[in-house]
Amino acid sequence: MMSNKVRIADLKDHVGKIVTLAGWLYNSRSSGKLIFLILRDGTGLCQCIVEKTAISPELFDDLAHLGQESSLAVTGTVRKEERSVGGYELAVASAEVVGRSVDYPITPKSHGIDFLMKSRHLHLRSQRQWAIGKVRHTVIDAIRRFFNDNGFTLIDTPIFTTMAGEGEQTLFSVDYFGMPVSLTQTGQLHLECAAMSYGKVYCFGPTFRAEKSKTRRHLTEFWMVEPEVAYMDLPGLLELAENFVSSVVARVLKDNRAELELLGADIAGLEKVTPPFNRITYSDAVDTLRGEAVQKFLASQLESLKSQRRAAQDKIAALEAEQSQPGTKQWRKDKLAAEVIDLRSDIAELDARIENNPAHAQLAAEFAWGKDLGGSDETIISLMHEKPVFVTHYPREAKAFYMRQDRKDGRVVENFDLLAPQGFGEVIGGSAREDDYDRLLARIQEEGYDPAGYQWYLDLRRYGSVPHGGFGLGIERTVAWITGEKHIRQCIAFPRMMEKINI
Ligand code: 4AD
Ligand code: MG
């Protein structure tokens, strides 16, 4: 029966032939003489049409009542059908139920996010999650391709560590044979050692931060790719970062257009992601935040949010009217109900932004030079740009100890954050590294760290120190930005957050 098994994505090569598809029942409806089974197999969706006369009455009856997500194999003739999902259909000649599924808990109607998070093991099968996972796969492949093709050597840095790369407040501690150690926040410090051996290196792995914040931008376990380059300065790093990010976005546009469309991603916006990106300094950003233009911008944002809210409400009223019309089919009602739930969650999101708008305006107006940019400040700056924007030269005290002090203006460091456009905010953090032994030691002491623990790191500045630097790009934030997904928890198969560790 499985003799000519093909994948749905390959149906175009089998038109007119008899093939077997093996997958799961995504959705179905029947009309007495016909059953329409929508099958998914991990490569796409295909409508399989079962005519009552084509199979035994028992099997017809069985298929007509088969539960969502039952696994099955169907054999039949492939037809081209523009109007059908995926563009092809299968005229079924025989079918075999492999594993039944009764009362599948996630129906085509929408569910609240808490329920979906608890049902993550099943929710991964949804079209949206599937598409995000496909984009993530491409992003990761494109990242490796970029560095491998550009002379970088992959170095796997350790996960158990005794050092705080990014501040002690977010360290996860682990009992290591009675000694307290931490899960790594970054591979950077070890990577710097490797850069002095290979020149250009990168690491790519999971990193851990005990983030107590419940924002849409923070996970406690996330994946980060970090390149590190010897003989490198800040302008060179910005150039590397913009070429790198542009190549990743271009690959997704090329390989995952269908997924981006399904997700409603901003394809036109992504097509603008080409070098050069915008460049501003932290001090420029502060002037902007405190300026008149931002207040005007936020006021017009508020108007636009309110009008989006009105539009969503009108849409809900229209959908509900259609739902209650006599003669609306059940599957259509389900679809309308799902849209209403999605719109309600959009409205909740809009309400939060409407409510926060005045506070964000005030924070911006009163922003004091010296503070790190907060989430809302980043959002404002990033909303004001259509392309990604580099913010460089942050105040020394707001940033990590290893960042190179600017020799012309000692108040700032030679660092950058890359903010994705249209409100997404930071996707990369990076810097030139302090390459002077005395300055680095002073910074370590200033932070209150024990220099004894940093001897090997200081050694790099003793034995052939060179200007060098690198950056880290967060995978989930990048996938969220590219797919237009609001919350990064949807951009990793099994997210870890302060309040979510169960599945
Ligand atoms: O800006 P961060 O903290 O930089 C570093 O870790 C440097 N050591 C990198 C380097 O220079 N080699 O983190 C880098 C990126 C952020 O821009 C963000 O994309 C992501 O990692 N990130 C997080 N993603 C999800 N959840 C969190 N809690 C994150 N914290 C940082
Ligand atoms: Mg950062």
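Predicted model: local features only at pLDDT ≥ 70, side-chain atom pairs only at ≥ 80, totals over all residues.
## Salt bridges within and between helices

The structure holds 37 salt bridges, and a few of them are described here in turn. Side chains of opposite charge can pair when their charged atoms come close. In helix H4, which spans residues 127–149, Arg145 and Asp141 lie 4 residues apart, about one turn of the helix, and their side chains meet in a salt bridge at 3.2 Å, N to O. An α-helix has 3.6 residues a turn, so residues three or four places apart point the same way. Arg145 is partly exposed, with a relative accessible area of 44%, and Asp141 also counts as partly exposed, at 25% relative accessibility.

Glu320 belongs to helix H10 (residues 292–323) and Arg344 to helix H11 (residues 330–365), so the pair ties together parts that are 24 residues apart in sequence. Glu320 counts as partly exposed at 34% relative accessibility, and Arg344 counts as partly exposed at 45%. Elsewhere, salt bridges that share partners join Asp141, Arg145, Arg251, Lys254 and Asp255 into one network.

In the loop between H12 and strand S13 (389–392) lies Glu386, whose side chain meets that of Lys272 in a salt bridge at 3.5 Å, N to O. This pair links distant parts of the chain, since Lys272 is in the loop between helix H8 (267–271) and strand S12 (278–281), 114 residues apart from Glu386. Glu386 counts as partly exposed at 49% relative accessibility, as does Lys272 at 34%.

## A nonpolar surface patch

Phe160, Tyr176, Phe177 and Met179 form a nonpolar patch on the surface, and together they have about 470 Å² of accessible area. Among them, Phe177 is placed in the loop between strand S8 (173–176) and strand S9 (179–183), and Phe177 is exposed, with a relative accessible area of 78%.

## The second largest pocket

The second largest pocket has a volume of about 250 Å³. It is lined by 17 residues, of which Lys214, Arg489, Met497, Glu499 and Lys500 are the closest to its centre. By class, the lining of this pocket consists of 5 nonpolar, 5 polar and 7 charged residues.

Technical notes
Residues numbered from 1 in each chain as written. Chains lettered and ligands numbered in written order. Heavy atoms only, no water. Patch = residues over 30% accessible without salt bridge, like charges linked within 9 Å, V, L, I, M, F, W, Y side chains within 5 Å. Areas by Shrake-Rupley, 256 points an atom, 1.4 Å probe, with all protein chains shown as cover. Salt bridge = Lys/Arg side-chain N within 4 Å of Asp/Glu carboxyl O. Helix = DSSP H or I, 4+ residues; strand = E, 2+ residues; numbered from the N terminus. Buried < 20%, exposed > 50% of the residue type's maximum accessible area, 1.4 Å probe, protein only. 1 Å grid on protein atoms, 1.4 Å probe; cavity = no way out; pocket = protein on both sides within 12 Å on 5 of 7 lines; lining within 4 Å. Points joined across faces, edges and corners; volume = space filled by probe spheres on them. Nonpolar A, V, L, I, M, F, W, Y, C, P; charged D, E, K, R; others polar.
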